[in-house]
Amino acid sequence: MATFLYKLGRLTFRRRRFVALIWVALLAVAGIGAATAPAATSSSFSIPGTEAQRAFDLLDQRNPGTSADGATARVVFEAPGDEKVTDSANKSEITGIVEELRSGSKQIASVADPFETQAVSQNGSTAYISVSYKVNSMELTDATRDSLEDAGKDAQQSGMKVEIGGDALQVVPHTGTAEIIGVVIAAIVLVITFGSLVAAGLPLVTALVGVGIGVSTITALANVLDLGSTTSILAMMIGLAVGIDYALFIVSRYRAELAEGREREEAAGRAVGTAGSAVVFAGLTVVIALAGLAVVNIPMLTKMGFAAAGTVAIAVLIALTLVPAALGFAGKRVMGRKARKAAEAEKSTEAKPNMGTRWARFVLRKPVWVMLVGVLGLGIIAVPAASLEMGLPDDGAQPKSTTQRQAYDMLSDGFGPGFNGPLLVVVDTKNSSDGKAAASRVAEEIESIGVSAVIPPAFNKAGDTATITVIPKDRPSSHATEEVVHDIRDAGQDVTSDTGAEVLVTGATAMNIDFSQKMNDALLPYLALVVGLAFLLLMLVFRSILVPLKAALGFLLSVVAALGAVVAVFQWGWLGSLFGVEQAGPIMSMMPIFMVGVVFGLAMDYEVFLVTRMREAYVHGESPGQAIVTGFKHGARVVAAAAVIMMAVFSGFIGSSEQMIKMIGFSLAIAVFFDAFVVRMAIVPAVLALLGKRAWWLPRWLDRALPNVDVEGEKLQKQLTGDSGSEQGPGDGGGEGERELARV
């Protein structure tokens, strides 16, 4: 692989104008496609195999055209002062708005008059209009949304407070200026790392090209593939981070080759052949982990995984082609004045240890203490993960300034928190001898469970399906509401065995509960799959058993510690105000499994780029301890810069208005911090120091059986020197560890 990439690097360097033109053309085509493609008209949320989904499907079958999973809205009214909504003036205003809504759009399925449906609080201060639509929230037209927003303006002028809840006003989440700040921080880190504006700007520009192509393609295909707005945001988050990092590794190796006195084209070829091999491997792990989300069998999550994986694949291709082409345009300016002076005076300054060297030597002196502090520290942070509760955020997690959150609070104050998440119980009486009696019994069983309200059964025209609306006592995302759903389902089994009528619980709240359960069930199998994959891939790279085992266990430790931090902030509310957490509650269901997939790939990035340098040095004669020092001397600065850049990019998404994006941004940023700086920079060298030569042991039979992927480019070094039987000298470009050994 290294030989092929070496040739590719030289080719793209020579043909840089043609390569750059191809990528610019692809960006233009993707941009035009995104600008001209119709907006996404659907963002369906289905969970195959769950009870809530079966109930929705049954309602669509028995009540065609009603769109059981269509958008909903609640227009909530609160009378001013000591007035009541039942006062003649206020009642007349609300009744007029009901008629206005009914005639406001052809997409409306029904509008419930609060005075007919008893949707008025006991003290008469609050009332709400329930609005149902024929289509889901993403298919609503702007005119329909405008009519909904305009409906309460007259009432507001009369003194009543009017707010609107539900998913009908759902909009594309925005990430705010914090995202831009993340990119600015990344730029600052690159300037500090390289000491050159040209070298710093190159990874940013190439990463933005890759993200532009990826996100534009997703936008262009959103309508065809039914992609939600969150998909492009997550793809941008991951694509930008890995795009900068992969380019950073190539540019860093290119500068090292130039410092050795290589010609520019040769330096580009060797950089892509060595660092590029690691980029391919690291990118492959991220792609496999993200694409592996398909095993969960949640269509929305599968699409998000594939979209993000596609963006990562583009980032890898850009690192291997556009980056060396851009290096050709940059010329010697990529080095910077200080770097050029350092290269000229290399012999006089090479003995001076850098920070990575000093840290590695400290770890070698105190390996047991470093390992214990790292493991115990992450272990303590991981403790809250034992209390992990998964769910999906409701409108109570929205910022207090939004109309959805204010409507949520008004309903909670006027009627009780359960009114924000009604349950829909579907009774299939087709196989029952007395359907009405069976439905009535279900209603009685639900009342005995203990809920706020049970609306009597309503049958369809055929009389074979009844729906019962249930109002829980607690908020939609609470544990108590989840218990109510389970209790209704347990009671429904008894009804089924006695009457033959099937009882199904659905609605947005039940759908969220089923989704959370399915994600919870898939977490451990997916984690085992990812860790097993990490072990096998690293065994191929490092030709060792203990090194990949250590890497996999370290990955597990960093993931569990990150989950503990997420639980402490978002579920327990610790420091919640600092991160803009409006309401503490269950952790978003897809976050843990998504974090596992992404962090796995990033952890393998750092493992490969850091430990590969150590293996290069060890293979070419250095002692295990000296190999650790050599690896840190040449790899620690770049890995640290890459980690800070990823943290900055991910942290930028904490400023998002969307709770899901905020949570994922925080989890990925803290996970990168734990994995890069605690696991890879401290625990890994400490463990390697304790293991010594045993770290690199591999049974001979297994060594013969495993294919040689040549991530370090050993075969390439031998081809370039024309000497397959001797160690390479300082001029062969065979890795920084080799050159250091040759000089010594």
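Me: Which strands and helices do the buried residues of α3 pack against?

Reply: In this predicted model, they pack against strands β6 (423-428), β8 (465-471) and β9 (502-506), plus helices α18 (479-499) and α19 (508-542). The buried set in α3 includes Phe 56, Leu 58 and Leu 59, and also Glu 51 and Arg 62.

Me: Why is Thr 311 called buried?

Reply: Buried means under 20% relative accessible area. Thr 311 has 1%, so it counts as buried. You'll find Thr 311 in helix α11 (residues 299-330).

Me: What is Thr 311 in contact with, once neighbours within four places in sequence are left aside?

Reply: Gly 214, Ile 218, Ala 235 and Gly 239.

Me: What makes β9 largely enclosed by the rest of the structure?

Reply: The count of buried residues does: 4 of the 5 residues of β9 are buried, so the strand is largely enclosed.

Me: Where does β9 sit in its sheet?

Reply: The order is β7-β8-β6-β9, in an open sheet of 4 strands with antiparallel pairing. That puts β9 at an edge, along with β7 (453-459), since each pairs on one side only. Neighbouring strands here are turned by 20° against each other on average, direction ignored.

Me: How do you know that β6 and β9 pair?

Reply: Pairing needs at least two bridges, and 5 bridges join β6 to β9, which run antiparallel. For one of the residue pairs, look at Val 425, whose bridge partner in β9 is Val 505.

Me: Which helix lies across β6, β7, β8 and β9?

Reply: Helix α17 (residues 435-449), running at about 165° to β7.

Me: There's another open sheet, with the order β2-β3-β1-β4. Why are β2 and β4 called its edge strands?

Reply: This sheet has 4 strands and antiparallel pairing. Strands β2 (108-112) and β4 (161-165) each pair on one side only, and they are the edge strands. On average, its neighbouring strands are turned by 15° against each other, direction ignored.

Me: How do you know that β1 and β4 pair?

Reply: They share 5 bridges in the antiparallel sense, against a requirement of at least two. Arg 74, for one, has Gly 165 in β4 as its bridge partner.

Me: Which strands does helix α4 touch on that sheet?

Reply: Helix α4 (residues 88-102) touches β1, β2 and β3 (126-133), and its direction makes about 10° with that of β3. Helix α16 (residues 403-414) also packs on the sheet, touching β1, β3 and β4, with its direction at about 105° to that of β4.

Terms used
Residues are numbered from 1 along each chain as its sequence is written. This is a predicted model: local features need pLDDT of at least 70, side-chain atom pairs count only at pLDDT 80 or more; totals for chains, interfaces and linings use all residues. Side-chain values use heavy atoms; hydrogens and water are left out. Helices (H or I, at least four residues) and strands (E, at least two) are DSSP runs, numbered from the N terminus. Buried means under 20% relative accessible area, exposed over 50%, partly exposed in between (1.4 Å probe, protein chains only). Contact means heavy atoms within 4.5 Å. Axes are lines fitted to C-alpha atoms, for helices over the stretch in contact, and angles run from 0 to 180 degrees between N-to-C directions.
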